[in-house]
Amino acid sequence: MIHRLGRRKFLNHFLTSLTTYALVVTAASCSSQQSQINSTAIANSAPATSSVAKAGDQAVLRVGFISTESRVPLGPEGWAHQKGWWNQELQNLGIKEVRFVPFDGGPALNEALSSGALDLGLYGDTPALVGRSAGLPTKLINQTRVGQDAWLLTKQDGVRSLADLKGKKVGVAKGTYLHRYLIGLLEENKLTSDVKIIQMKPAEAKVAIERGDIAAYPFAMGVGPTLLEQGFRAIDQASTHDDLVGTGVSIVTEAALAKYPELPKQWNQTRQKALADIKANSEAFYQFAAKESGGLSLSAAKASYPLNLYPTEPFNDRGLQLLNSTKQFLAEQQLLKSDFDIKDWQAANP
């Protein structure tokens with residue numbers, strides 16, 4: 001077990017990083033706060049994507065996802081988009097356009113959901129769970145990815161092992177799946193009180209490692225395999241720990257669900273159609289993923305997005321086990337504002 005004082009210091013540090021968007025959720029009813037949040041969310045969106053539709057636009061379904069490069073999610077959702085299937089399949093619900101909006105992290109996406117600037121969110125389980133526990137009115141549609149990986153990287157002549165991180169700084173985007181992975185990894189290796197965690201966006205991490213500002217950084221799919229090809233070294237990988245791999249989720253706001261009660265079912269049917277097409281055209285999918293991600297090599301795309309990452313059903317036993325495990329971990333670390341049952345969070349007709 002971790003020394004109590006060290007653990008308290010570490011948890012206080014992490015809680016501070018979550019306070020901002022937890023408070024945002026609590027205060028979501030304040031219109032001036034909503035306006036401020038909406039501006040923040042749009043500012044965090046990639047410039048390649050059209051602006052967020054107004055909340056009153058009934059014909060546009062606004063879907064946030066996490067990316068620093070791509071214009072659409074890299075998976076069945078993005079594949080369906082480039083095929084033109086979303087607009088076709090959802091028009092019977094009164095939806096004329098599905099508009100994808102990228103965000104640089106889960107906290108910013110939570111803020112946009114809270115303000116009413118988005119209808120759906122596709123992101124990691126950790127920020128989704130924290131947002132729901134803080135009162136964000138959402139329902140769980142599916143798990144988009146089960147077993148998503150992360151790579152803890154350092155420069156070629158950097159630290160050689162996890163033990164070498166003692167007394168060093170490690171960067172991470174706080175409040176994300178990568179942060180949860182890092183916390184679990186440090187706890188597992190009894191390094192919680194010996195490593196200083198620095199808030200840092202992924203876009204800043206490569207240069208920070210090269211300069212020696214930080215000793216390591218956990219990178220997500222896409223960036224991790226690319227940096228490995230460029231000579232960075234991995235001192236750990238999430239997939240080598242059964243309980244530290246993550247899941248991605250799709251959540252819908254309760255307001256959007258009230259407008260479109262059949263949306264979860266129709267969304268999942270279209271997603272399953274896209275996944276079947278991906279499996280039948282895997283090379284075309286990897287070329288699409290490489291192009292949309294901003295220039296991944298095919299080998300990096302295949303390492304980042306293996307087809308078994310995408311479940312064929314909205315929920316399966318392994319995915320729910322991981323999701324509940326993550327929720328339990330966050331609860332034990334006192335990082336959830338309130339407890340809730342995953343079953344109660346799931347949409348009634350996915």
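This is a predicted model: local features need pLDDT of at least 70, side-chain atom pairs count only at pLDDT 80 or more; totals for chains, interfaces and linings use all residues.

Biologist: Fine. How many helices and strands are in the protein chain?

Modeller: The protein chain has 15 helices and ten strands.

Biologist: What share of the residues is buried?

Modeller: Of the 350 residues in the protein chain, 55% are buried.

Biologist: And what about contacts between residues 24 or more positions apart?

Modeller: Those make up 81% of the contacts with a separation of 6 or more.

Biologist: How do the lining residues divide into nonpolar, polar and charged?

Modeller: The lining has 24 nonpolar, 18 polar and seven charged residues.

Biologist: Let's take α8. Which of its residues are buried?

Modeller: Ala 205, Ala 208 and Ile 209. Seen down the axis of α8, they fall within an arc of 100°, so they line one face of the helix.

Biologist: Why would residues a few places apart point the same way?

Modeller: An α-helix has 3.6 residues a turn, so residues three or four places apart end up pointing the same way.

Biologist: What covers the buried residues of α8?

Modeller: The cover includes β5 (151-154) and β8.

Biologist: And which exposed residues sit on the face turned away?

Modeller: Ala 203 and Arg 211 are the exposed residues there.

Biologist: What follows α8?

Modeller: Gly 212, with a positive phi near 90°.

Biologist: Now α9. Is Leu 227 buried or exposed?

Modeller: Leu 227, in helix α9, has a relative accessible area of 4%. The cut-off for buried is under 20%, so Leu 227 counts as buried.

Biologist: What does Leu 227 contact, leaving aside neighbours within four places in sequence?

Modeller: Leu 153, Lys 206, Phe 219 and Phe 232. Leu 153 is 74 residues away from Leu 227 along the chain, and their C-alpha atoms are separated by 8.2 Å.

Biologist: Switching to Thr 138. Where is Thr 138 found?

Modeller: In strand β4. Thr 138 is buried, at 2% relative accessibility.

Biologist: What does its side chain make a polar contact with?

Modeller: The side chain of Thr 138 pairs with the side chain of Trp 345, at 3.1 Å.

Biologist: Which residues is Thr 138 in contact with, leaving aside neighbours within four places in sequence?

Modeller: Trp 345 is on that list too, along with Arg 132, Ile 251, Val 252, Thr 253 and Glu 254.

Biologist: Last one, Ser 70. Where is its place?

Modeller: Ser 70 lies in the loop between β1 and α3 (76-83). At 4% relative accessibility, Ser 70 is buried as well.

Biologist: What does the side chain of Ser 70 reach?

Modeller: The backbone oxygen of Val 72, at 3.0 Å.

Biologist: And what does Ser 70 touch, not counting residues up to four places away in sequence?

Modeller: Phe 65, Pro 102, Glu 292 and Ser 293.

Conventions:
Residues are numbered from 1 along each chain as its sequence is written. Side-chain values use heavy atoms; hydrogens and water are left out. Ala, Val, Leu, Ile, Met, Phe, Trp, Tyr, Cys and Pro count as nonpolar, Asp, Glu, Lys and Arg as charged, and the others, Gly among them, as polar. Helices (H or I, at least four residues) and strands (E, at least two) are DSSP runs, numbered from the N terminus. Buried means under 20% relative accessible area, exposed over 50%, partly exposed in between (1.4 Å probe, protein chains only). A polar contact is a pair of N or O atoms within 3.5 Å; within protein, one must be able to donate a hydrogen and the other to accept it, and residues adjacent in sequence count only if both atoms are side-chain atoms. Contact means heavy atoms within 4.5 Å. The arc is that of the directions from the helix axis to the C-beta atoms.
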